[in-house]
Each structure stands twice: as C-alpha cells, then as structure tokens.
Amino acid sequence: MSNKEVKAALKSARDAIRNKEYKEALKHCKAVLKQEKNNYNAWVFIGLAAAELEQPDQARGAYKKAIELEPNQLLAWQGLANLYEKPNQTNVKGDLADVYQKLLELYKSGDKQKWCDVCNKLVELYHQEKKYLEVAETWQKLIQMRQEEGAEKAELHQLWKKMIQLLKDGTRNQDNKTEQLLLTAFEHAVNSADAVPGEDHQNLYKDFIQCLSKFPHEAARLEKACNDMMALYPTMSYPLEVLCLHFINSGTLSEEALHCFSRLLEMDTSSGPGIIGFGIKCLQEKKYKEAVKSLTEGLQKTNQCPAAWHHLAEAQVKIHKHRNAVLSCNQALEALEIPEGPNLRWKNLVLQLKAEALIKIADADAAEEAIKTLEQIVDASSDPVISAIRGQAYLNKGLMDEASKISQELLLSHPDLAESHALDGYIHYSQKNYEQAERSFLNAIERKAETAEYHQYLGLTYWFMSDETKRDKGKALTQFLKAAKLDSYLGSAFFYLGNYYRDIAGDKSRARGCYKKAFELDEMDEESGTAAVDLSVELGDMDTALSILNEVTEKASPGTAKWAWLHRGLHYLRSGQPSQAVADLQAALRADPKDSNCWESLGEAYLNRGSYSTALKSFRRASELNPGLMYSIYRAAALEQILGKYENAIATYQQILKKTENYVPALKG
C-alpha cells in the first residue's frame, strides 16, 4: 500500500466513523496498520470505533498505543478521556485524573477555554473522591490562569467562593496544607467582595470566622478576623461572641478578654458567652456564688462549651457543692465528645476535677466512680497529684492496703509534695494513729499552708488525740479558726467551731452562730441545723429557731427533712397549736414511718386537737413499733376509756401493770 493509499484508507475510516459504520472503520484501519503498524491516526480511529462498539479493552489498548507513539498529541488523550468518562467504565477514576492532568499540560499553551473545562472536570473528579488537597491545588491553578487572563474582580470573587464551597465539606479531616488553602480562599473572597458592608459579605465573614474557630492553632488569625469584622459591622454581636468563646476555651483571661466580655454584655445583656465570661471573672475574683450563678445562666444559652462547664464545676467545688460539680464535669465531658470541641488538655482537667469532687462526697460508690474516672486520664501514672487522689479514693472505699501502698510510694518519690503527706495523714487519722497523723498534716501544711482542709484535719486530730488535748482544746480551736478563715465556705469547719464553743467554752451564743453559718453553707447538714435550732430554743430565741425550720420545710420535698418537721411539730405541740403540730409530725413520719417517738408525739397532737380515734391509732402504732413506750400504751388505754371501750381499756391497763406494777396513772385508770 503506497502512501497515497494509506491516506485514502484513513479518509475512508474517518468517513465511516462519521456515518457510524464502526466495523467498516476498523477494517480500513487494520489495512493501514498492515502497511504502517505505527500509524498514530489509525490507532486513534481504532480506539474511537472500538469504544462505540462497546469494546472498551480494545479501545483502551488502541489509545495507549497511539499515546506511546506520540505522547504529546492531543487526539489519543482526548479519546481516552471520552472513554473513561463513559458511565459503564468503573475503577478508572485514578486513570481519568492522570489523563486530565496530561490534557491540562497540552492545552496550557493553546486553547484556554478547553483548559478551564478540563480543570473543572478534574476538580469535580477529585471532589467525588474526597481528595481535598488536590481539589484545592487544582482550583487555585484555575484561579491563577483566570487572573493571568485579566478576569474581572467579580468573577474572581465567585471563583474563590466556589473554592470555599468545594473545601468546606472536608474541614474535619483536612491536612494542614488544605486547611491553609481554604483559609486563603476565605481571605481572598472576603477581600474581593463588591458590596461591603452587605448581607452576602456579612454571611461570608461569619462562615470564615466559624471555619477559623475550628482550628485551635489559628488563634491569631481568628482574633484578627473577628476584630476586622467588628470594625466593619460594629452592631453585630457574632464576631464578639466567637472571640469571647475563643478566650474562654483557650483558658487565658487577659485584659483584652475581659474587655471583650464587658463589651459583649453592653451590646447584648442576654449573650451566653458574655455571661459565661463574667462568671469566669467572678471565679478569678473568688466571688464563687456569683460565679456559679452567672456560669449556670450563661450555659443555659451556650451549653456546648466544655471550658465553661469546667469553670462552673471549679466554682461549685469551691463552695463545696460536690454533687453539682460532678454533674457539671459530666456535661463538660459530653461537650468534649463533639469532634469540634477543644483538645485533650481540657478532658484531663475535667476528669481530675470530677475525681476530686467525688472524693469529697466521701462514700464508697463515689470512691468507686472516682477510681474509674482517674483511669480515663491520659498519662495519669506520671502525675503524683493524681496518684494522691487515687489513694484517697481507695481510702474512702476501705481499701487500706492499696491506699497505704500509694502513700508510701509518694513519700519516697515526691517528699516535697503536700499531697503526699496529706494522704499519709488521712490514712493515719482513719486508723486513729493521731500522733503520726499530726506529723503528716504539719508536713502538708508546711508545704501548702493555704489549704483549709489540712488545718481542719489537724484540728480534728488534736480534738481526738490524747487526754491532755482533750482537756485543752486550744490547739484544735486554732486549726479550726485557720480553716474557717482560709475557706469561708467550709461548713464543717464552722460546725467543729460550734462544737468547741458549745461543749468546751460554754458560749452558747457563739456556738449557735457557728452552727447557723455551717447550716447556711450546707443545708444537707442536719447536725448543724438541729444544733442551731436547739441552741436558739435554749437561748429563748424562738424566732431564729422558727426561721431556720421554716426555711428548711419550705424547700423540702416530700419524705425529706424529718428533723426540721419534727422540731417544728414539737414546738407547735408545746405552744398549744395542735393542728399545725399534726401537719408537721405527719410530714416527719413520711420521711421515717418507723419512728415510734414521732408517732407518740402525733398521738399527743391529735389528743390535744380532740381527735380521739386518730390519737388512739397513733399511740397504738407507737407502742407496736416500741413495746417499751409505757406512756403510749397508757394513753391508748385512757382514750379507750374516753371512747367507752371499757373492756379494752381494762385489758390495756392490766397489760401495763404486768410490766410496771406501780405505774400510778394505770392504777388510777
């Protein structure tokens, strides 16, 4: 076949393809290849015809042969791209991306429109495959190309916005380079907008700031973006809220942060981050109750803020609301589970604080939970303070050997740590080894003199120590006073001061003040409440006694606060108000239905009210619960007599006289 014939055969092949006579085209091409086996066009036409005849393998082979012959010719690459783009082609996306890359290279110096079309296709392909870095780099090349072509600012703005759209899906698992390209796209988009200020620009800025807030290491960029947006939109609270949350989560409270909090509250008094910021300021200033109030209020509005929950738990620990602190720590841990939440540092801090709060609850279940909580702290074994907390948890759980082992290890490895000596002191104190406990607590105080609990335990050690210190409780008093001075929320310190003034100094008025303070700090402390009421009665100050009892009973839920209901019921009984006495004594019995003395008092109240049948039932119930209550049995007999049940009354009197021969009221009855 001559050169002329080859050309004629290729023309026939082209015509056959145009007429969709693909088999005919293949015949012409094969004839050419017999003569010229390296004919580029023949291989390309075979690829085209085979593709149309649903023979993808033959088509691919033909195109690849053509590419081998002429790697920088467009036709075969275009044909291969068309083949891979067909819907029936699977597992070829990687190959297709390579083909697009080559086409970009070939179009670059020539057809710019086709270059842009292929670039769009390649980006779409990478996006489907979630290859965000390749998406970013390729799209940036497109923008660069349009910039070189002299594209309008508005077109470039849209291209940057499109890049943001493409990359936004993948912010969670992006590498640093992709993240930087996304942030660069935001900066260009924000700066290239036409209508500034304007709604679209405002929303774009919000998206930019929201994106920055997901990357903890972009703090400086976030602060700049927030400040820039505030300058453009001074009445918008959003950038200020983000900036406040950033300061809260970073754990630093600079002058700038405090300024932001107050500025936000001026702008919007109900802003969650603003109220949280104010709460943290109160915490720093040791205004713990105000801190709890503000942080609680702020978290009702902005609840996915682990740092704020941690600060709330800190404030609750400071005022000894340990159960509440545990709940706040749980909320912080829940917020930290959200992937965008801050990092491991917060989690470890929260877990440690939760364990400390559980230790203070001081029961075996809380101790068990504290041990489990400490196990979740990363690198806990290397932290001696955490080891000391674990030792206390074992002690609270009654595992003395484990607690002692940790204590001995800490004293050897960290003799300068206050917590090492304190743990040793707690162990000796629990074993009533008061001399060793004294030595340990003195060592702990020497290293950390500001810890109220160490002084309180040293005071208790002196209180129980020996006959000499029992006679002279001055040393104990000194330590209790120090504890109360160092921690004005430590209710137990005031309780022990109350014991001192009541039992040792005989100063009832001062003792009453201490018990009242202890009870105000911890309304669950029945001992302090009871002591404050009893001393008020002894001092003839019934108003104070009643105000304490009224406050407790108003807040009490059914079946609780028995002591307060009982005390007030007895007061009403003594002061001739039987109906009020009945109501209060019934409330006391709901809390403890097996209190025989309470049933006896209720019987007395019913009797005084003239309700003889119910009084009889109450006295009988009292004597059933405690057969030794002669007064109740006698009262039951007397009521039977009043109610005309003479036989029952005689039997009951005889029952009393069997037990107590000379019980005069029964003989008289």
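Colour the protein by pLDDT, the predictor's confidence in each residue, from 0 to 100. The mean is 89, and 95% of the residues score at least 70. This is a predicted model: local features need pLDDT of at least 70, side-chain atom pairs count only at pLDDT 80 or more, and totals for chains, interfaces and linings use all residues. Residues are numbered from 1 along each chain as its sequence is written, and side-chain values use heavy atoms, with hydrogens and water left out.

Select helix H38, residues 664-668: confidence is lowest here, at a mean of 49. Then go to helix H23, residues 418-430, where confidence is highest, at 96. Helices (H or I, at least four residues) and strands (E, at least two) are DSSP runs, numbered from the N terminus.

Next, select residues 3-39. UniProt, in an unreviewed entry, places the feature "coiled-coil region" there; such annotations may be inferred rather than shown by experiment, and positions follow the numbering used here, with feature names shortened. The span is 81% helix and 0% strand, and its end C-alpha atoms lie 11 Å apart.

Move to Leu253, in the loop between helix H13 (238-250) and helix H14 (255-267). Leaving aside neighbours within four places in sequence, Leu253 is in contact (heavy atoms within 4.5 Å) with Leu258, Phe261, Ile280, Lys281 and Gln284.

Finish at helix H32 (562-574) and helix H34 (596-609). Which residues of H32 meet H34? Leu566, Leu570 and Leu573 do, against Cys598, Ser601, Glu604, Ala605 and Asn608 in H34.
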